[in-house]
Amino acid sequence: MSVDLPIDGLPENLSEQEAVEAVYGEDLDWIVRRLRQRLSVLVECDKALVPCVFVALRARARAGGAGAAGEVGAEPLRLQLVDGHGVEVPGGAIARTIAQLSKVVGEAGAGDVLVLPHLDLMTNVAQGGLTADAKEVLAALGENPELTVVGFQDPGLEIPRTVRDMFEARRALVGIPRHRLAAVVLRREARKLGERTFNPFALYKYVSGTNAVKLRRILGHLHGEIDFDPAHPETAQRLYRAIRDMTLSALEVPRVDLARDVGGYEKVKERLRDEVLALLAHKDRLGADAEAVARIESLVPRGIILSGPPGTGKTFFAKAIATAIDATVQVVSGPELKSKWVGESEANLRRVFHQARASAPAIIVFDELDSFAVRRGTYLGSGVEHSMVNQLLTEMDGFRKEELVLVVGTTNFVEALDPALLRPGRFELLIDVPWPGEDDRRAIIDVYRGKLGLAMDDAVRDEMVRLTAGWADEAGTSRFSGDHLHAACKAIKRDLVRRSEEGRAVTRADVERALGDRFKQAPITEAERRTIACHEAGHALAAMLLPRATGVQKVSIAGGDSFTLGYVLKEVRHNRYVRVEAELLDDICVAFGGRVAEAMVLGEVSIGAYADLQQATELARAMVEELGMGSTTGPRALVRGGVEGGGEAGRAAVSPDTARRVDEEIDRLLRGQYARCEELLRRHRDAHRRLWEALLERSELTREEVKELLRPALAVVAAAAGARAGAVAESAVGDGGEDEDEGDGEGVGRER
C-alpha cells in the first residue's frame, strides 16, 4: 500500500506550537491523564521542545473535562512553572530555581502541578554522587510527598536514580514517528521535493531523530529554493543533502567505498552486501509502499559483531557501511566509556545513542566491545560492566523499527560477550574478519600503491605479498594486517620522497628495507625455505596418492591464512559425518608425510612436525580408546566422562595389563603408518622432488598443478589399485561369492 500523499492535502501554514501538537498530541494526552491521577511524570525530550510542551500541557490541564485528555467532568489542573524567573537571590539561574521550588512546595494545593523544566540541570550526575543542588531539590520535594510534579530531562543528560524514582510515570518525546511526519511538512516545502505528491519515507530517513521544533526550523530553510522540476530531479537530491547536513550535528558521514577503498576480504564484503546493504537499497527502491518497507525493516539486523585480530579493518568496514547508506559514524572506545563514578558510564552510553538518533541514519561503532559488554555473572572487572550491559540492551531495544541506527561492535574475543547481546534484534549478525590471506594482501597493497602513487609493478607487489606471509614481529604475536601493509607502503613512499626519487619504480630492495626497518621481521633463510618446501611436499604427496585420504586443494610455502610458514589446504570431504577406519589410517599417514620427507631427503627432522605428531597421536589414541578399533583391545570404549558422560574426560580405570595393551596398540598404529609413509615416499621419490622444486620456484601450487606434477605417480597408483581389485574379484569367484560383504569389510583394515 503506497503512502505517497497529495501535496495539496498538506498544511498550508504551521507554527512550532502546532507542530508539537501534530507530532506529540497523543503523548501529551497521556501525560495529562497521569497528572489527573496524581502521578508525577518525568518527560524525556530535547530542550527546544520544553516551552512548547509546557504550553500544550497547560492548555489541556486548564480545559478540564473539555480538554483533549477526555476525562468528562474532571477538575482543571493548575500548572505552575518553576524556572527561577522573578526570584531575587544570590547565585545563578539554578540557585534562583531551587529557591523558588522551596517556596512553592509548601504553598501548593490539591490541584497544583509543579513543572520543573530544568530538573536535569539541577540534579545532573557529577562524579558519582549527588551534587549539592540535587540534594536541595530532593529535600524540597520531600517536604510534600503528595505533590504532583512534571520534570523534564534532556536525553543527553543523566539524573540520579533517586530522582528518577520519585516519578511514577515516564514518557519519551524523542524523534518523530514516521506516520506523523507528513503532518508537519508544508505544501510549499513539499513542492521542493516532488511535483504533485510527497513521499514521507524519503525524507524520514534523514530526520527520524529530529524533534518537531527543530524539523520546522530545518524545513524553513527550503523556502527560498525553486520548486521540483521533473526534468531536473537532481535538485531534490541536492535539497535532501542540505537537510542531511543540518541534521549531522557534530558528526560526519565518512567517505569509504567498500569496493574501491577496502582491499580483499571478498567473503566479508559479500556478507555485508547480502545481509545489510542489499536490504537497505531494496527498501529505498520500494518508495512509499508502507507494508513492503515495514517487512524489509524487520529483516535488517540492527546490531553487527565484527570479530577478528587488531588491525584487520573492522572499523574501516563499519565506515564503508556508513558511506553506502549515507550514515554518520561514532567510533566509541569501550574503555573510554567506563567511569569510576556511579552512573556516569551508563550516562555516557545514553549520550552516544542520543547523538546517533539525532543524526540518523547513523552507525555506532563500539570498539573493543568485550571491554565492557562481558558475560554477566562472571564477576570480572569493577562491576560497572554489568550495569553498562544492561544500559546497552535498554538503548538497543528502545529504537523505533523505522529508525535507521545500526550498532557495530568490534572484538577479538567474541566468546566473552554477554549472550543476551547476541539475541535476534540485537547483535544478530556475526562476521569474522581474520588476518588477511594472500589474495587479501595483494588487493590491499593494490589499494595503497594506487592511493600513494607508488610505481610498483606486479612482480614487486607479489614479492611483497610473499614477504608478508608470516609474522609481523620477531616475537610471533601478530600477523601482517591491513594496517601493517598500509604502514609499509607509506614507509616506501617516505623513503622515495626523502631520496627525491618519487617517480622511480619500487624495487624489492625498497620493500625489504621498509619491512625490515619498521617491523624488525626475522627473515626466512633460504635453508629454512627449502625445509618448509620439502615438508609440505611430503604432506601433499601422501594426501594425493593415498586412496582414502582427503585430496589437496592448494599447497603453499607463503604462509597466508594459516599460522604456519607453509600449509596444505585440503579439499572439503564429501562424507563429512561418517568416516571409516581406512580413512583415519590414511590421515595418520598423511600427518607423518612432512616429517618423513625431511628425514629421507634432508637427513634430519625439524620442529615443524610438532603439530603433525600431535594430530597423529590423538587420532591413534581415539581409534583405540574411543572407537574400539584396536586389534588386541577389542570393541570396547576405554574413556570416561567428556561431553556425553559428564565430568572430567580421561582414560577409564583399567587394569595395568589393559593399559599396557592400549599403549602398545597406539604405538603399533603409529609405527605402522610411519613405515607405510616411508615406503610411499621412497617409491615416489622423483615425484616428491618435482613437488619440492616447484614449490621453491612458485611458492604456491593449485590442485591442478599438483596433479600435473604427480601424473606419473598417480598412474602407477591407479594401476596398482586396479590390479588389487582384479585379484579380489578372482578370489571372490573362487570362493563361490559367499560372505562377500564381510570379506570386503575385513580387508579394508588389513590392506591398509
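User: What makes Arg178 count as lying over the face of Phe201?

Analyst: Happy to go through it. A charge sits over a ring if NZ of Lys or CZ of Arg is within 6 Å of the ring centre and within 35 degrees of the ring normal. Arg178 is placed over the face of Phe201, at 4.2 Å from the ring centre. Arg171 likewise lies over the face of Trp30, at 4.5 Å from the ring centre. Please keep in mind that this is a predicted model, where local features need pLDDT of at least 70, side-chain atom pairs count only at pLDDT 80 or more, and totals for chains, interfaces and linings use all residues. Residues are numbered from 1 along each chain as its sequence is written, and side-chain values use heavy atoms, with hydrogens and water left out.

User: Why is the pair of Phe353 and Phe366 called tilted?

Analyst: The search of the whole structure gives four aromatic pairs. The ring centres of Phe353 and Phe366 are 6.0 Å apart with planes at 35°, so this pair is tilted. Rings of Phe, Tyr and Trp (its six-membered ring) pair if their centres lie within 6.5 Å; planes under 30 degrees apart count as stacked, over 60 as edge-to-face and the rest as tilted. The pair links distant parts of the chain, with Phe353 in helix H15 (residues 344-358) and Phe366 in strand E10 (residues 362-367), 13 residues apart. Helices (H or I, at least four residues) and strands (E, at least two) are DSSP runs, numbered from the N terminus.

User: How do you know whether Phe353 is buried or exposed?

Analyst: Buried means under 20% relative accessible area, exposed over 50%, partly exposed in between (1.4 Å probe, protein chains only). Phe353 has 1% relative accessibility, so Phe353 counts as buried. Phe366, at 0%, is therefore buried too.

User: And what makes Phe592 and Tyr674 edge-to-face?

Analyst: Their planes stand at 75°, and the rings are 5.1 Å centre to centre. Phe592 sits in the loop between helix H22 (581-591) and helix H23 (593-602), while Tyr674 belongs to helix H26 (residues 656-683), 82 residues apart. Both Phe592 and Tyr674 are buried.

User: How do you know that the span of helix H27 agrees with what it should be?

Analyst: The expected span is 1.5 Å times one less than the number of residues. The 14 residues of H27 (residues 685-698) should therefore span 20 Å, and the end C-alpha atoms are 20 Å apart, which agrees. Among the buried residues of H27 are His688, Leu691, Trp692 and Leu695. An α-helix has 3.6 residues a turn, so residues three or four places apart point the same way. After H27 comes Ser699, with a positive phi near 70°.
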